[in-house]
Amino acid sequence: MRALRAAVRGTVLTDGDEGFEQRCSGWNLLRAHRPSVVVAATGAHDVSVAVRFATDQGIGLGVHATGHGMALPVDGVLIDTREMTGLMVDPDRRTATIGAGCTWGEVLAVTQREGLAPLLGSSPTVGAVGYTLGGGLGWLARKHGAACDTVRWFEVVTPDAAVRRVGPDEDPDLFRGLRGGGGAFGVVTAMEVDLVPVDTVYAGNLYYPPDRAADIAAAFGEWVSGVPDELTSSFVCQNAPPAPVFPEQIRGRSLVVVRGCWSGDLEQGEALLDEWRSQTSPLFDHWGAMSFADCASISADRIDPAPAVVTGEWIYRCDAGVGRALAEATFPVDDAPLLVFSEVRHLGGAVVRGDRSATSFGHRDHPFFMNTVGVSIDRDPTPIADHQRQMLRSLGNAATGAAYLNYLDQDERRHRTGDAFEAGVRTRLAALQHRHDAGGLLRYGADHRL
Ligand SMILES: Cc1cc2nc3c(=O)[nH]c(=O)nc-3n(C[C@H](O)[C@H](O)[C@H](O)COP(=O)(O)OP(=O)(O)OC[C@H]3O[C@@H](n4cnc5c(N)ncnc54)[C@H](O)[C@@H]3O)c2cc1C
């Protein structure tokens with residue numbers, strides 16, 4: 001331990017040290033890591049030292065940034081990347097070099113000054129690197145693709161403690177594995193991504209009464225089959241908390257929501273939405289022109305930590321049956337567990353067109369992805385997870401059985417990793433993991449070999 005402390009530039013903490021508990025916890029309060037050592041790394045050098053230490057001690061090593069996507073609790077060495085907040089934007093090349101500890105909100109704030117944005121997701125507090133390793137689907141997905149499609153290179157420390165820069169011409173197999181295959185091959189310390197030009201978008205939410213779930217889902221499924229790629233949108237059954245991030249009329253209510261973001265000519269976007277409004281007049285209309293810098297307000301995801309139970313699955317369609325199933329499982333009934341929301345995101349477009357030969361992101365062809373979130377007050381995820389599984393079963397033949405790594409949480413992220421990839425990709429990723437981590441150093445996250 002003395003040698004470790006002397007070798008790293010960041011902080012080394014063990015149980016009882018001030019700040020240890022805080023370093024072990026993250027956004028999801030369901031479980032906390034219980035490591036024997038935390039290394040609050042400042043860069044690739046510290047990560048490499050920590051990897052060598054774990055190997056020498058014969059213990060496992062895990063990594064977290066924000067704790068939005070925890071898999072198994074780490075009981076060996078935990079690398080906390082939150083100090084690694086280096087961020088450099090090159091407006092001429094339209095790229096950003098992003099440290100492993102940056103959140104998307106931090107990256108967006110800086111890039112928007114140049115009229116640019118990364119392909120971030122719905123929440124500004126999610127980590128840029130963790131999200132991108134899993135694929136990364138946000139409000140610009142149908143226009144520009146998944147975040148992993150935009151990566152130019154990663155800096156990664158592999159389980160042999162080597163610091164590598166990987167890109168299309170430098171270890172292309174590892175580069176391809178990290179683009180959507182998760183963090184099973186090493187600890188990423190930084191990445192460079194392409195940015196896209198975007199300033200004002202036409203975005204927001206249209207709210208409907210909860211008993212409209214089936215007909216709104218059917219109309220939504222039909223409508224989006226013909227919309228341009230500039231629109232990425234979703235159908236949601238939401239129990240809005242009485243929180244100020246929601247408009248006053250919405251707080252504390254159960255509602256059906258059509259939500260989305262048009263990034264293109266504003267008049268064209270407004271005309272498209274007017275067409276939808278004329279068919280299905282909403283109860284409350286909160287959709288309009290807004291700065292993309294405020295895109296976190298579209299989903300208004302919870303910022304404060306929560307004991308969340310999250311899962312999801314790619315689905316074949318959004319129709320009345322899907323709407324009914326989501327409403328029955330999500331809106332309050334007797335003493336059934338309450339979900340915060342269940343959402344069907346419309347994908348396709350540039351997500352489907354992404355380069356499969358250079359990325360590993362699975363199941364791109366499916367047009368819709370369903371995700372659902374519950375909050376377990378007593379921190380026992382079982383009743384909510386059972387309820388979510390029951391909802392997936394009630395989707396019948398709309399469900400594909402295909403998972404998305406970013407929405408496999410807790411034990412599922414490790415034990416169902418394979419469900420997030422097509423068979424051929426899975427075999428390649430298992431071989432890559434064996435090549436880099438035959439000894440199982442990274443034993444707490446995604447596992448392609450199971
Ligand atoms: C409120 C909320 C909103 C979300 N919105 C979206 C969305 O719109 N679109 C979407 O695609 N996903 C979304 N997600 C899912 C999110 O992308 C994943 O949970 C992602 O894994 C979070 O990464 P993180 O670094 O923030 O979390 P962490 O819990 O810190 O890390 C998650 C996992 O990523 C791995 N990891 C993290 N950093 C590194 C690293 N430097 N090197 C190697 N591996 C690493 C680790 O294995 C870790 O278990 C959302 C999740 C939540 C809770």
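**Domain contact and ligand site**

Me: How much area do domain 2 and domain 3 bury between them?
Reply: This is a predicted model, where local features need pLDDT of at least 70, side-chain atom pairs count only at pLDDT 80 or more, and totals for chains, interfaces and linings use all residues. Residues are numbered from 1 along each chain as its sequence is written, and side-chain values use heavy atoms, leaving out hydrogens and water. Buried area is the accessible area (1.4 Å probe) that two parts lose on being put together, summed over both. Carbon and sulfur atoms carry 57% of it, and the area comes to about 2,900 Å².

Me: Where does the domain assignment place domain 3?
Reply: The bounds come from an automatic or database domain assignment. Domain 1 covers 2–80, and domain 2 has two segments, 87–197 + 423–437. Domain 3 is 200–414.

Me: How many residues does domain 3 give to the contact with domain 2?
Reply: The C-alpha centres of the two domains lie 24 Å apart. Contact means heavy atoms within 4.5 Å. Domain 2 gives 34 residues, and domain 3 gives 43 residues.

Me: Which residue forms a salt bridge with aspartate 229?
Reply: A salt bridge is a side-chain nitrogen of Lys or Arg within 4 Å of a carboxyl oxygen of Asp or Glu. The count between domain 2 and domain 3 is two. For aspartate 229, the closest N and O atoms are 3.3 Å apart, and the partner is arginine 142.

Me: Which element gives the largest share of the side of domain 2 that touches domain 3?
Reply: Helices (H or I, at least four residues) and strands (E, at least two) are DSSP runs, numbered from the N terminus. Elements giving two or more residues are α5 (128–133), α6 (141–144), α7 (172–181) and α15 (423–437). The largest share is five residues, from α7.

Me: Which residues come nearest to the ligand?
Reply: A residue counts as near if one of its heavy atoms lies within 4 Å. There are 31 residues around the ligand. Those that come nearest are Ala65, Thr66, Gly127, Leu137 and Tyr404.

Me: How far is an N or O atom in the side chain of threonine 66 from an oxygen atom of the ligand?
Reply: Arginine 345 has a polar side-chain atom 3.1 Å from a ligand oxygen. For arginine 413, a side-chain N or O atom is 3.1 Å from a ligand oxygen. For threonine 66 the value is 2.5 Å.

Technical notes:
A polar contact is a pair of N or O atoms within 3.5 Å; within protein, one must be able to donate a hydrogen and the other to accept it, and residues adjacent in sequence count only if both atoms are side-chain atoms.
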